[in-house]
Amino acid sequence: MNFGAVTIKDIAKELGISASAVSKALKDSHEISEKTKKLVLECAKKHNYQPNPMAQSLKRGNSKSLGIVISTIDNQFFSQVINGIESVAYSKGYNVIITQTHESYDLELSNVNHLTVRAIDGLLISLSTETRNLDHLKYLHDKGLPIVFFDRVTDELETHSVIADNCKGAYDATKHLIDVGFRKIAHVTSSPHVSITAERLKGYKLALEESNIPIDEKYIKYCLHGGRDLAEIENVLAELIQSPDRPEAIFTASERITTTTLTILHRLGVKIPQDIALLGFTNTHLAEVLNPSLSAVYQPGFDMGKKATEMLIGLIETKRPITEFQKVVLPTELFIRDSSQPVLISK
């Protein structure tokens, strides 16, 4: 037998019997003699035969598999989301297939196509920063594939979604910077068409407006690739730092942008918070031990993954048509640390 997954046909060929007879023997059918069953089982064990899950799913009409599409697994937030997804999926008898877009629309399209070929029962997806055209998801949704969005969502499909309270998180972060004395607050964020970008920008602007601080567009900088392009963040920070009207604080709007900004400012010799304060969305476990410790808006990643999976399995296993869908909004948490503390600022 050749190296690779052993099939029923391989066993049949070795034993000189039909594939149908092998299949029935493996199922302990009364139609097959005990002698043949023994030969089949011994051959299957020798070659470590495993049933083909895809073939079985086609027969059953389900695969007990969930497709997952995220940005990158090395992002602490998405790692926590996956832990939440798995905690529910495995307890309900589902496997998960995880794919990464690396913020690429083309990769998202490829991943979704690959997952559907694998006959998944449902899809959990956080859209890439490049995704504007949702035709690939609309087609699957119209065909009846259960889909639940999380984190980066869309209103173009009628289905469940789970997000963090991005507006409130951004508002709390900006309000903290204002309350401790900063007035020139820059906002470095992701692509403008992404749902979390709009929600966090709204919170940032609301906090400024309530404090009667004019919104200055030169302090709002977009990273179209969501922080995946290092040069993009370097250029944005160079513009802010070299500006004659340099900001006193920077509020960053995503995990990757936040941690990369901290790294770049260190490299440029910018002292935090003495020269520029920093506060951002991040779920990194290292926030407290960084130098300086990093003030952060924390998203409930585990709970988001858990809730999104519960909703998806609910769609998969329901016996009736679902016509009412939920957008679940989970609270964020603001942690104040040294990177935004005014007491360290030299005047």
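Student: Which residues of helix H2 are buried?
Tutor: In H2 (residues 19-26), the buried ones are Ala21, Val22, Ser23 and Ala25. Buried means under 20% relative accessible area, with a 1.4 Å probe and protein chains only. Helices are DSSP runs of H or I, at least four residues, and strands are runs of E, at least two, numbered from the N terminus.

Student: What do they pack against?
Tutor: Helix H1 (8-15) and helix H3 (34-46). Contact means heavy atoms within 4.5 Å.

Student: How far can I trust this?
Tutor: The model is predicted: local features need pLDDT of at least 70, side-chain atom pairs count only at pLDDT 80 or more, and totals for chains, interfaces and linings use all residues. Residues are numbered from 1 along each chain as its sequence is written, and side-chain values use heavy atoms, leaving out hydrogens and water.

Student: New topic. What is the strand order in the open sheet?
Tutor: S2-S1-S3-S4-S5-S11, six strands with parallel pairing. Strands pair if DSSP finds at least two bridges between them.

Student: Which strands stand at the edges?
Tutor: S2 (95-100) and S11 (327-330). Each has a single partner strand, so one side of each lacks a neighbour in the sheet.

Student: How many bridges join S1 and S2?
Tutor: Six, in the parallel sense, with S1 covering residues 65-70. Isoleucine 68 has isoleucine 98 in S2 as its bridge partner.

Student: And which residues of H6 meet H7?
Tutor: Tyr105, Glu108, Leu109, Val112 and Thr116 in H6 meet His136, Leu137 and Leu140 in H7.

Key. Buried < 20%, exposed > 50% of the residue type's maximum accessible area, 1.4 Å probe, protein only.
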